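Please examine the structure shown below with its sequence.

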Amino acid sequence: MKKIQSVALIGLGAIGAAYGSKLHTLLDSDFTVVASKDRINRYTANGLDVDNTMFHFNYKTPETNADPVDLVIFAVKNDQLEQALTDMKYYIGPDTIILSLLNGISSEEEIYNRKLNNHILYSMCVGIDAVRRDNRIRFSSIGKICFGEKDRSLSKDVLAAKDLFERAGIPYEIPEDIWHTIWAKFMFNVGINQVSAVLRAPYKYFQEVPSLHEWMEQAMYEVVAISQKVGVNLTEADVHSYRPILMKLSPDGQTSMLQDIVEERKTEVEYFAGKVCELGRKYGIPTPINDQLYQLILIIEDMASIK
Ligand SMILES: NC(=O)C1=CN([C@@H]2O[C@H](COP(=O)(O)OP(=O)(O)OC[C@H]3O[C@@H](n4cnc5c(N)ncnc54)[C@H](OP(=O)(O)O)[C@@H]3O)[C@@H](O)[C@H]2O)C=CC1
Ligand SMILES: CC(C)(CO)C(=O)C(=O)O
């Protein structure tokens, strides 16, 4: 089995810093964070406080020449992926395994379309409730990284990533059907991220207010209906499987989309409701809840853009 000895990550935000801190502890200087000079200046000014430990990572700018690494991890937001792919050009060689921790159902395809190599694993993370404020990253649980091959094979790349996560102490799962797992997570994000963004609601309201929980699940059921048309076949059981996951998230924690709203950043709405409405139109499935959420979140973004 190929052993992963060098890793490069782009996107040192809530998710990247949480999992990156584990990889830095294991690999030290063989773990590289790629970032622009401005970002590096920010990271080095005060260090990065991940879960109450101060980290100083090994930073490189995208312009610095480097050799390809064994594994590249993308942990940026969806609309930052195109630039991030360009920035990782030195790090991805013909044998580099590529892992994208982004939510949504499009990042692997976007990476694949760049025709970099044939080592793209499908992946996502779940159960992590990471929040980023300035140079502090906090989470009550690090959750787990789910990954695998789309064709469900237990390939050498899958085994190499499994071995790395075991050495780094990163919880992981290799589900039987990673594409189904990614769609189920997408379904959850379509519900919880968007409703939390519109209502500015941390997790406790989803845990304690039945009417809010119900609205979230109504948005999720629109994804279930679409999934049956595209052959992914999510069911009510998939919706219910997220209830215990939700109950374990930190009551005061915020979804990544709510964090974007609070910080007045662009959200991932195009990759959640935007995608649901697009697929709904394509397959003739009504998506009234997501139509509304889409409009509301775009309006909130527009309101934030005028000062
Ligand atoms: N937060 C959570 O609990 C979870 C998030 N996710 C998903 O994970 C993904 C990442 O989310 P999250 O970590 O919350 O997002 P963040 O916004 O916290 O992190 C993204 C980071 O990427 C950095 N970045 C963007 N472009 C580049 C670039 N070209 N070079 C270097 N750094 C770059 C940003 O830097 P800067 O701020 O300087 O622009 C930022 O630090 C999203 O798809 C999200 O939906 C999945 C599960 C849980
Ligand atoms: C809801 C949550 C925390 C689940 O892991 C998530 O994926 C996000 O905030 O984007």
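In which loop is D70 found? In this predicted model, D70 is found in the loop between β5 (58–60) and β6.

**Residue D70**
- D70 counts as buried because it has 22 C-beta neighbours inside 10 Å, where the cut-off for a buried residue is 20 or more.
- When neighbours within four places in sequence are left aside, the contacts of D70 are I4, Q5, S6, V7, T96 and I97.
- I92 lies 22 residues from D70 in sequence, and the C-alpha to C-alpha distance between the two is 8.3 Å.

**Strand β6 and its partners**
- Strand β6 comprises residues 71–74 and is covered on both faces. L71 and I73 are buried on one side, and V72 and F74 are buried on the other.
- Strand β1 (residues 7–10) runs parallel to β6 and is joined to it by four bridges.
- Within this pairing, L9 stands opposite I73, and I10 has F74 as its bridge partner in β6.
- Strand β7 (residues 97–100) also pairs with β6 in the parallel sense, over four bridges.
- Together with α3, the strands β6 and β7 make a β-α-β unit that is right-handed.

**The sheet as a whole**
- The open sheet is formed by eight strands with mixed pairing, in the order β5-β2-β1-β6-β7-β8-β11-β12.
- At its edges are β5 and β12 (172–173), each of which pairs on one side only.
- Helix α5 (residues 156–168) packs on the sheet and touches β6, β7, β8, β11 (142–148) and β12. The direction of α5 makes about 65 degrees with that of β7.
- In general, the strands of a sheet pair through backbone hydrogen bonds, in either a parallel or an antiparallel manner.

**The shell around ligand 1**
- There are 28 residues around ligand 1, and those that come nearest are G11, G13, I15, N103 and S256.
- At least two residues of this shell are supplied by each of α1 (14–27), α3 (81–87) and β8 (120–128).
- Sorted by class, the shell around ligand 1 holds 13 nonpolar, nine polar and six charged residues.

Notes: Residues numbered from 1 in each chain as written. Chains lettered and ligands numbered in written order. Predicted model: local features only at pLDDT ≥ 70, side-chain atom pairs only at ≥ 80, totals over all residues. Near = placed C-beta within 6 Å. Nonpolar A, V, L, I, M, F, W, Y, C, P; charged D, E, K, R; others polar. Buried ≥ 20, exposed ≤ 12 C-beta atoms within 10 Å, placed from the backbone. Pairing = 2+ DSSP bridges. Right-handed = clockwise from strand over helix to strand, strands pointing away. Contact = placed C-beta atoms within 7 Å. Axes fitted to C-alpha atoms, helices over the stretch in contact; angles between N-to-C directions.
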